[in-house]
Amino acid sequence: MKKLGILPRVYLAAVFVILYAPIFYLIYYSFNSGDGMSHFESFTLDHYQAVFQDTRLLIIVLNTVIIALLSALLSTTIGVIGALMIYFMKNKSARQAVLSLNNILIVSPDVIIGASFLILFTLVGVKLGFASVLISHIAFSIPIVVIMVLPKLLEMSTTLIDAARDLGASRKDILTRVILPYIKPGIFAGFFLALTYSLDDFAVTFFVTGNGFSTLSVEIYSMARTGITLTINALSGLIFLITIILVLGYYIIGNKAKSPQGVKK
């Protein structure tokens with residue numbers, strides 16, 4: 001493998017510093033005993049303790065996790081079915097039209113999607129709260145799952161399906177023993193991407209959340225409007241730690257799926 005030169009290494013280092021320096025600066029001052037980020041007085045865990053003592057904040061964290069898990073599971077299921085339907089469409093024009101509609105949802109601004117859902121829920125009489133947030137998160141996560149799963153389907157050789165049919169496999173067997181195992185990395189990638197999108201979404205959630213229900217992104221925004229406190233730093237540090245754990249979990253699962261030991265004989 002060709003090694004990177006000095007300039008590419010310096011460039012990559014500069015990019016990572018620009019991206020991660022503000023995050024570590026924020027986390028660093030979450031341990032500050034003072035009230036601001038202008039001067040570090042002494043080490044303390046009081047701000048983290050304040051986070052765990054705030055019952056309302058813990059309920060919001062639980063709401064966020066439940067919404068993220070449910071939306072990721074449901075959107076992954078629907079997205080996989082959608083990707084399979086697109087893959088088996090015989091009409092190329094119709095397939096391309098559906099893919100274009102799917103991609104439009106991905107690149108559309110979150111503000112437009114959030115406002116559209118707000119208008120829809122208002123027209124049909126859906127009360128803003130848990131249900132409206134969950135439906136919205138499922139809706140904007142489905143195109144992400146489709147775009148992650150479909151390339152794996154396109155990579156799969158059709159001879160695998162033909163060979164399974166020649167051996168007498170039913171449609172169910174072809175789906176469960178040939179197709180799904182092959183596209184498993186794409187399914188995991190879509191699930192974790194949908195999970196992370198749901199966890200950090202703000203624009204869409206801001207429009208469809210109602211009184212008495214909130215998620216972390218909306219709550220942090222509300223807390224920041226009243227004045228930056230180091231409790232926000234502590235909360236952000238915890239979120240960053242959870243994100244690292246999720247990413248590491250994704251890579252561990254992905255490496256196990258790719259390793260020869262993970263392949264059943």
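**Helix 3 and helix 9.** I looked up how helix 3 (residues 55-87) and helix 9 (residues 184-200) pack in this predicted model: their axes come within 8 Å and cross at roughly 145°. Axes here are lines fitted to C-alpha atoms, for helices over the stretch in contact, with angles running from 0 to 180 degrees between N-to-C directions. Helices (H or I, at least four residues) and strands (E, at least two) are DSSP runs numbered from the N terminus. I noted the crossing as right-handed, a crossing being right-handed if the near helix is turned clockwise from the far one by less than a right angle, and left-handed if anticlockwise. On the helix 3 side, the residues that meet helix 9 include Ile-67, Ala-68, Ser-71, Ala-72 and Ser-75. Among their partners in helix 9 are Gly-190, Phe-191, Ala-194 and Leu-195. Contact means heavy atoms within 4.5 Å.

**Conventions.** Residues are numbered from 1 along each chain as its sequence is written, and side-chain values use heavy atoms, with hydrogens and water left out. Local features need pLDDT of at least 70 and side-chain atom pairs count only at pLDDT 80 or more, while totals for chains, interfaces and linings use all residues.

**Salt bridges.** I searched the whole structure and found two salt bridges (a side-chain nitrogen of Lys or Arg within 4 Å of a carboxyl oxygen of Asp or Glu). Arg-56 pairs with Glu-219, with the closest N and O atoms 2.6 Å apart. Arg-56 is in helix 3 and Glu-219 in helix 11 (residues 216-225), so this pair ties together parts 163 residues apart in sequence. Glu-219 is buried at 9% relative accessible area (buried is under 20%, exposed over 50%, partly exposed in between; 1.4 Å probe, protein chains only). The other bridge joins Glu-155 to Lys-152, closest N and O atoms 3.3 Å apart. Both residues lie in helix 6, three residues apart, about one turn.

**Surface.** I found a nonpolar patch of about 650 Å² made by Tyr-11, Leu-12, Phe-16, Leu-19, Tyr-20 and Phe-24. Tyr-20 is in helix 1 (residues 6-29) and is partly exposed at 35%. Ser-157, in the loop between helix 6 (130-155) and helix 7 (158-166), is also partly exposed, at 35% relative accessibility. I recorded its C-alpha as 42 Å from that of Ile-18, 139 residues away in sequence.

**Whole chain.** I counted twelve helices and zero strands. The C-alpha atoms fill a box of roughly 75 × 60 × 35 Å along the principal axes. Buried residues make up 34% of the 265.

Terms used
Patch = residues over 30% accessible without salt bridge, like charges linked within 9 Å, V, L, I, M, F, W, Y side chains within 5 Å. Areas by Shrake-Rupley, 256 points an atom, 1.4 Å probe, with all protein chains shown as cover.
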